[in-house]
Amino acid sequence: MISIRKTTADDVKTLWEIQRAAFLPLYEKYRDSGNPALRDETDISRRIGGEYFSCFTILFEEKIVGGLWYKIKGACVEEENLDDGKYYLQRVFIDPSFQSRGIAQKAILLSEAYFEDAKIVYVDFPEDLAKNRRCYEKAGYRDTGKRVPVQEGLVLACFEKKIG
């Protein structure tokens, strides 16, 4: 059974280890300096305690298997100011040994219930990652057609989901 809960300080070390394992293959592919595999535990601690983020821990049969972060204030690729029911799904990560089981898709759907005022949720990811595309499409996200070059070999595809 897949469930989510708000992330606590007790989750930080486990989530950091999972985040590193999940994003390291992408760092090795793209060599991007913003890759979450390069961040330390304080990055997660700052997010769970910050006013700009809403963080969730993903559980599979009561075991922590991943996390997802929403940016709830500030800017993102699609919006200069997240407000009035606009959210940015900034990061989803699943322990590599639990990937490709539909866990991320289900966790995304469960997390949306926490945002009662949500009208639209944005997400972006490397455009060449078909697995990510399928996950977001199954969760109801649609391609906006916008592409954002980050560096040579790394272009983000922008998706959105209209809620309600």
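**Salt bridges across the chain**

The structure holds 15 salt bridges, a salt bridge being a side-chain nitrogen of Lys or Arg within 4 Å of a carboxyl oxygen of Asp or Glu. This is a predicted model, in which local features need pLDDT of at least 70 and side-chain atom pairs count only at pLDDT 80 or more, while totals for chains, interfaces and linings use all residues. Residues are numbered from 1 along each chain as its sequence is written, and side-chain values use heavy atoms, with hydrogens and water left out.

One of the bridges pairs Asp 43 with Arg 91, at 3.3 Å from N to O. It ties together distant parts of the chain: Asp 43 sits in helix H2 (residues 41–49) and Arg 91 in strand S4 (residues 86–94), 48 residues apart. Helices (H or I, at least four residues) and strands (E, at least two) are DSSP runs, numbered from the N terminus. Both Asp 43 and Arg 91 are buried; buried means under 20% relative accessible area, exposed over 50%, and partly exposed in between (1.4 Å probe, protein chains only).

Next up is Arg 147, whose salt bridge with Glu 127 has its closest N and O atoms 3.1 Å apart. Arg 147 counts as partly exposed because its relative accessibility is 29%, and Glu 127 does so at 36%.

Strand S6 also supplies Asp 143, which forms a salt bridge with Arg 133 at 3.5 Å between the closest N and O atoms. Arg 133 belongs to helix H4, 10 residues apart from Asp 143.
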